[in-house]
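Notebook open, structure loaded. I wanted a look at cavities, aromatic rings and a few side chains.

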Amino acid sequence: MSKPIRRVGVIGAGVMGSGIASHFANAGIEVLMLDIVPPNLTDEEKKSQDKRNSWAAGGLAKALKSRPASFFHPDIANLVTVGNTEDDLAKLNDCDLIIEAIIEKLSIKRSLFEKLDATLDGDTVVASNTSGLRIVDMLEGRSERFKSHFLVMHFFNPVRYMKLLELVVGPATDPATLERIKDFGRNQLGKGIVVGKDTPNFVGNRIGTHSMLFTMHQMLAQGLTPEDIDNITGIPMGHPKSASFRTGDIVGLDTFAHVADNCYAELENDPQRDVFKVPEFMRKMVELKYLGDKTKGGFFKKTKDGILTLDPGTLEYRPRGGSEDIKKLCKKLSGIEDVRERVRQLVADQGPAGKLAWTVLATSMGYAATMIPEISDEVEAIDNAMKWGYNWELGPFETWDALGFKATAERLKAEGISLPASIDTMLAAGAESFYTADGRVWDLTKGEYVARDIDPRNVTLAQLRQGGAPVFKNKSLEAWDIGDGVLCMTFTSKSNSIDSNIIAGIPQVIEIAERDFDALLLFNEGPHFCVGANLFEVVMAAKAGKWDDLDAMIGNFQAAVQRMKYATIPVVSAPFGMTVGGGCELCLASDSVQAYSETYVGLVEVGVGLLPGGAGNLNLLWRGLSAIPEGATVEPIHYVAKTFENIAMAKVATSAVEAQRVGYFRSTDGVSFDKARHLYEAKQRAVGLARSGYHPPAPRSFRLPGESGIATLQMMIDTLRNGGFASDHDALISRKVAEVLCGGPAGNTHEVTEAEFLALERKAFLALCKEEKSQARMEHMLMKNAPLRN
């Protein structure tokens, strides 16, 4: 076991430095963030500590305001203390790890490391976030102790959201230092670790920059447009929706050009060095400050009349265009869930889309192979770098496997694409793929298959399933034995939406779990945990005036949720991504939650003209009221008003930690930092509850404020409506929410049972379904989300 990292120093409070500091704080680590004393302070200002620390303080303030948010919750920033490099360098002696994220100038980094070398002792690790400077050059003249505790920690921006952490060691780095930081990055920060070599731009940016620049060159060579390129190189190719040019706008063209220029300058012996030449049109864009999102315009520009595209030939903006045939093909391919099949069909296309896709992928695969062992010894390291740092669904070698290793290698060779001798060795050995089903990967340096280095906690549902068939199955839900006495319930509906099959299946699964298992885990797959109820069924019933059917549907959903809540075995939910509406209600009914850190959760039904109909009003309010100690003289209206605000304003927590603060999750619920470990950690929570003397909760009743509470909330509603912040229809919905949360309009403060509360919720939901404007909102949402893939 390595010594834990409890306190970290970050030097540099710019975008990267403050992002690193923010995410370390997210992980519960104390951070000291330093920056230089601002130049040109007056003599009087130099006496002020606040003025001397203002650059570091400014970086922290920007991190608090950043969008997407750097912190899980604003109060986490309390873990970050600011200072400056003139007054506070000695304080770094108390840190277990120091990371510099200052300007990429060798002389300035050398000067900083000289000061740190003279200041530090013990086993403090020093790391650089550089992406372009060599360790040997940065550490010239440093002590052996300093060198042995030094390495590169290259984070990707934004640090909170990007999984990749590249680690690079120098010739004198102690192996124990690397292992200590690998353990820290993986377990405390939830990062995916790729160990690269001390070469320009390491692994991810070397392959990624090459791919993006080659694509740009091919656009010009093949007479395509930026729209064509982004249609092809996005989802159809297994890359993110932002594809190539949109990604450039997000990153910033000046930043991208800097990375490319560094590659071109440093890679004199690279066989594809010319690919790293920035195209002339892009060079001119940088000169004109068409830098992307940061300057409100790059390859694309938002205007009041729509999105415009920069013409690379004229450098003038024009209306969006591109080939309709390419757009139609790519839209069709984007609907294919299996990424491997998607890429195969794209490459098989005989038109310009297939030609461009094959040319780009072929060159990228060939280049990745030639980079072993220069940038890394491992095939999987390169694949992981592209998946974790560039959000590719498949790395270059996984893509190669998807297209067929042998056939693709032969086509590459036939078309004159240079491949290393290690590929010939692989072909001669009769290997059929880089990866095998039994957990091995081909090692291009050894010329043989080796066991993959897989964290045993990185498990999928397919790997945990016991037996050849689910314990229960209907059209939208399955339940599988996943071992250790845990039954896993998982949705198979589109976007994991809750439909009548799921509502009917939940009680049946719970009955099986209570009889044959020790615990129940709700774990879904796909990009989102659950996007709520299937509105199609609600809209169709409302349009047909089938009010009795709707009333029964709502009642059944409430009953299913409450069945979860009062099951005789522990029920754990494992939310991630969008967890809204009914998805949130299922979490509220669970005994415990193990949420992925990037979970976006809330009761958002008011946005479609309704209110929560699956006991969400009840369980969110009951959770708050249950925290009041018995006998405390606390007016329930304060809790009612906050619950009303969250529901009526459709408050969505933008992290699992914020969901804990809001009350959607408990403060004792778990948060997983690494999505790959989410299922394992959720299962462990379920097992732990089952083995620690679990007993179900008992139903409770609470005193609610009745008419006086409704009147109080109505004043809030009237203020919003009179101020133009809410429509008459919004006010109607909010009034219904208020009536439910206050226990109905009859009388003043009175005791309300769960059954009485649920009846109020069901009645209000049904009444809103009868409103034409609510039906119109639901229909609009259905049309808006029609393209969602599972």
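I searched the whole structure and got one cavity of 30 Å³ or more. For me a cavity is a set of points, on a 1 Å grid over the protein atoms alone, where a 1.4 Å probe fits but cannot get out. The largest cavity holds about 40 Å³ of space, a volume being the space filled by probe spheres set on the points.

This is a predicted model, so I kept local features to pLDDT of at least 70 and side-chain atom pairs to 80 or more, while totals for chains, interfaces and linings use all residues. Numbering runs from 1 along each chain as its sequence is written, and side-chain values use heavy atoms, without hydrogens and water.

Next I listed the lining (an atom within 4 Å of a point): Ser211, His239, Val360, Leu361, Ser364, Trp392, Pro396 and Thr399. Helix α15 (352–370; helices are DSSP runs of H or I, at least four residues) gives the most, with three residues.

Then rings: I found 19 aromatic pairs, counting Phe, Tyr and Trp (its six-membered ring) with centres within 6.5 Å; planes under 30 degrees apart are stacked, over 60 edge-to-face, the rest tilted. Phe146 and Phe150 are stacked, 6.0 Å centre to centre and 25 degrees between the planes. Trp400 and Phe405 are tilted, at 5.8 Å and 35 degrees. Ring pairs join Phe397, Trp400, Phe405 and Phe434 into a cluster.

Note on methods
On a 1 Å grid over the protein atoms alone, a cavity is a set of points where a 1.4 Å probe fits but cannot get out, and a pocket is an open set with protein on both sides within 12 Å along at least five of seven lines; lining residues have an atom within 4 Å of a point. Helices (H or I, at least four residues) and strands (E, at least two) are DSSP runs, numbered from the N terminus.
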